[in-house]
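Look through the chains one at a time, and then at the places where they meet. The paragraphs below follow those meeting places and end at a pocket.

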Amino acid sequence: MMKDLLWAESQKLHRSKILWIAGFATVMVGLIVFAQGQFTFYDRRYIDGAGWFMTAAQSLATFYVLPAVISLLGSYMICREEQEDTLKSLRLIPVDEVKLTLAKMILAFVFSVLIYLLLFAITFLVEAVLHLEALSVGLVLENLKIYFLDGVGVFFAISPIIALVARMKKGYWLALVFAEIYSFAGLFASMSQQLKTVYPMTAVFNISGYYNANMFQVLIGVVILMVCVILSLLILKGWNRKTK
Amino acid sequence: MSDLVIETKKLTKIYGEQTAVNSVNLHVKPGRIYGLLGRNGAGKTTIMKMILGLTPITSGEVDVFGQNIKGHEKRIYPRIGAIIETPGFYPNLTGTENLEIFAKLRGTPQPNAVKNALEVVGLPYKDKKLFSKYSLGMKQRLGIANAILHDPELLILDEPTNGLDPIGIAEVRNFIKNLSVERGKTILISSHILSEISLLADDIGIIDHGVLLEESSMDELEKKNRKYIQLQVSDIPKASLILERQFHVTDYAVQDEHNLRLYDTALDMAAINKALVVQDVAVISSQICNDTLEDYFKQITGGAGIA
Amino acid sequence: MLKLIQVEFLKLRRRKFIWLMLLAALFMPLAAVFYFSSVKGTGVDPIMFYKWTAFSYTPWIILPVVLGMLCTMLMYNENQYDMLKQLWIVPVNKMAYFFSKFAVVLVYSICFMLVTATASILTGVLSGYIPFDSESVLYLLRKCMEISLLTAFAVLPVLAVAAAQKGYILPVCLTLIYTFLGFILLMVNMYLHPLSSMTAIVMYDIPGVVFDQPLNIPAAFLCIGVWAAASAVLANVALVRRK
C-alpha cells in the first residue's frame, strides 16, 4: 500500500512546476551567495578562499531560504488534495489519510535532501572552476557530508510544521511564514551556546558538522530532532483519532 | 439484515442552526435506479455525502449493503463508485494519468480497467490533454469514468449530467440505464432536472428543504398521473349532458365553469366536438394532456415547481 | 480609484490569517529583549534598542517576506477563483486594479511598522532597558514610517509577478529569493536592489551605523523608482495579456 501511495505521489508531481521552482530557488541562492563572495575583506575576496563558498551557501540558505521552500513543497503536496477537490475521491477508495500524509512527507524528505545536494553540486562546481587546486578531497567530502546531513536534519526540524499543515488543511501560508521565522530565528539562537544546542535549526548544524560541536551537543541535537519527528507523528496521530 | 442496498433511518444533518436534511428514510432496492429529485440546495448532495460517510451525520443511521459504513470503509468502499458534486482531479495530469493513479490506489486488478472506463464515457485513452484544459462536460465524464473504474455494485451519482450538452446527457442516460439493466447495478442518482429522473429512474424520492416528501416507484407514480383530455367549452352543464347521453361518458371531472377533463383518452374527439358544436356548445379548445411529474412535484411541494 | 481601494479592503473581510501575520512584527522586539538580557544590563540607549527591534532584521527580512506573502495572497485569491475576467467586464482598469492592490500593501506595511514601533516601546520600557522619552519615540515613529513606505514600494516586483502568475508557488519562492538577495547585496552593492536601497535611505541618519560603501541617497531612490516602474510595466503587460 505504501509503495502505491509513494508511486501515486510522485506521479502527481508530473509536469508540476513546483520542482522547477524549487530548483530555481536553489540555483538563485547559489548565485546570490556567489555575489556576496565578491565582497573584499583585507584585500581578499571571500570567494577566493577555498571552501568559503561551500560553507557559506549552506548556512545562509538554511537560515533564510531553504526551510521555507521545503515546507512549501510539503504543504503544497498536502493542501492540493483539498484545493483540487481530490481528497473526497481518495477518501472513497478508501485511502488512509495518515498514510497518505506520511507518503507525502517521505517524498518531501527526499526533496529536502535532493535540494541540498543540488546546492552542494552548484557550490562545488563553482569552487572547482575557480580554484580546483586549492580543494582537498577531505574538504569536499566534509562539505558533502554537511550538505547531506543539513538536508536530512532540516526536514526533520520542519516536519512538525508540515504535519500541522496536514491537519489544518488550508494553512500553507501559515506554514510558510512560520517556517521562515523559525529558520531565521536560528540566527539569534546561534548567538547563545546553550540555545544553539537545543534550537532545532541550529542543532542541525551541530549534527552536520558545520558548527564545531562536541559529542554531547551532537547527541542533544539528535535527541531534539527525534523530538521534532515524534511531535509530527503525534500531530498526525492525534488527527487520525479526531477523524475516526 | 434487510435486502436493501441503501437504507437510511431518520437521517438528519444540521449545519449550525440550519437543518439541511431532516429525518430522511431512503430505501434503495438492489438492481434498481433510484432517482433523488429536488431543487438546488434541497439537501441531495448532503444526503449522498452522509451515505458515503464523507460528512458526519447529526442523527439517524445509514446502512449500505446492510452494514453501517463507519468502520467498514475498507470492505464497503470498493463496492461503491461515486461522484459527488463536480469531481476534482489533478490538473497537471492527463485524464488517463489521473485514472491510473486512482486505479493503482484502489488496487484494481484488471489491466484494462482505465481503458474500458474511458471508453464507456467516450473519452480518449492515452490522450495528451491535461485535466486543467478539460471542458466541464469532459470533467464530468472523467468523474463518471472514475466512479465505474473498479466495476462497483453500487453507483452513487450526484448530478452526473451537470454541465453536459443535450447529446452528452442522452449518452450518459443510456449508459446508466445499461449499467442497471444489463449488469444489474444499483444506482442512486440525484438531479434537479425532472425529465432526467422520469426517463431514468425506477424508484423516485422527492426531496424539498431537507424533507423527503414522497418515495415511490415510477410505476405507481404513473398510475397516479393519468392522461386525460382537457376540454374547454362555453357551457359546462349542457356539454356534460351531451357527453353522458350521446357518448355514455361517465369518467370525467368538471374543473370550473369552462373546463372539463375526460379521462378516457380513447374517445372519438372529432365526433364529440361535432356533437357539441351542433348543439350550440362552443368548443374553445380540446387537447390531450398528461398530468406530469412536474405537476405532481408542484402539488407535493406546495406549488413551488422545479427547475 | 478610491472605490476600488475600498473594495480591496472589503475583500479582506474574514481573512484572519492576514491579520495574524501582523504578529510577525513582534518577533524582533522579543528577540531584542532576549539579546539585551544576555548581553547587556539595563540603561541601553533607546536608539540602540530600537535599532535592534525596528531598524535591522525587521526591514531587511521580516517585513519584505510578510509583504511578499501578502502580495501573493491578494493576487492568488482572485486568480484561483477566476475572478479577474469578471472584473475586466465590470470594467476595471488594469492599472487601477494593480494599484488598488498596492494600496492595501502600503496600508498593511504601515500597520506592520506601527505594531513594531508599539511593541518596541512596550518591550523596551516594560523590561526596563530603556527610559521612555518623547524624542526617541518620535524618532522611532518617523523611521518606522519611512521604512513602511519605502518597503511597500520595494516589494512591487513581487506584486507584479504575483499578478502575472496563476499559482502562488513562484511568487512565494521569489519573495524569499528577492528578500535574501536584498539582504546579501547590502554588503556588496546597495544600489542594485530596492530593499538594500531602502536600507541605505533609512539608515543614513541612524547613529552608530557604519557603511562600507559611500552613501548615495539619490542613487537609492533612483533604484527603487526604476524597479517600481519596471514592475508596474510588467504587471500591466501581464494583466493585459492574461485577460
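Of the two pairs of chains in contact, which chains share the most contacts? Chains A and C do, where contact means heavy atoms within 4.5 Å. This is a predicted model, in which local features need pLDDT of at least 70 and side-chain atom pairs count only at pLDDT 80 or more, while totals for chains, interfaces and linings use all residues; side-chain values use heavy atoms, with hydrogens and water left out. Residues are numbered from 1 along each chain as its sequence is written, and chains are lettered from A and ligands numbered from 1 in the order in which they are written.

The contact between these chains takes 34 residues from chain A and 35 residues from chain C. Together chain A and chain C bury about 3200 Å², with 89% of it on carbon and sulfur atoms; buried area is the accessible area (1.4 Å probe) that two parts lose on being put together, summed over both. A:Ile32, A:Trp173 and A:Phe188 provide 22% of the area that chain A buries against chain C, more than any other three residues. Zero salt bridges are found across this interface, a salt bridge being a side-chain nitrogen of Lys or Arg within 4 Å of a carboxyl oxygen of Asp or Glu. One residue pair is in polar contact between chain A and chain C (both at pLDDT 80 or more). A polar contact is a pair of N or O atoms within 3.5 Å; within protein, one must be able to donate a hydrogen and the other to accept it, and residues adjacent in sequence count only if both atoms are side-chain atoms.

Helix 2 of chain A gives the most to the side of chain A that touches chain C, with eleven residues. Helices (H or I, at least four residues) and strands (E, at least two) are DSSP runs, numbered from the N terminus. That side of chain A divides into 29 nonpolar, three polar and two charged residues. Here Ala, Val, Leu, Ile, Met, Phe, Trp, Tyr, Cys and Pro count as nonpolar, Asp, Glu, Lys and Arg as charged, and the others, Gly among them, as polar.

Next comes chain B. With chain C it has no contact, and the closest C-alpha atoms of the two lie 12 Å apart. With chain A, 27 residues of chain B are in contact with 24 residues of chain A. The area buried between chain B and chain A is about 2400 Å², and carbon and sulfur atoms give 64% of it.

How many salt bridges are there between chain B and chain A? The count is two. In one of them B:Glu97 pairs with A:Arg15, the closest N and O atoms being 2.4 Å apart. A:Lys88 forms a salt bridge with B:Glu85, with the closest N and O atoms 3.4 Å apart. A:Lys88 lies in helix 5 (residues 87–91) of chain A and B:Glu85 in the loop between strand 7 (80–83) and helix 3 of chain B, so the pair joins two chains. Twelve residue pairs are in polar contact between chain B and chain A (both at pLDDT 80 or more).

On a 1 Å grid over the protein atoms alone, a pocket is an open set of points where a 1.4 Å probe fits, with protein on both sides within 12 Å along at least five of seven lines; lining residues have an atom within 4 Å of a point. Of the 35 lining residues, the closest to the centre of the pocket are A:Glu84, B:Pro91, B:Asn92, B:Ser132 and C:Lys166.
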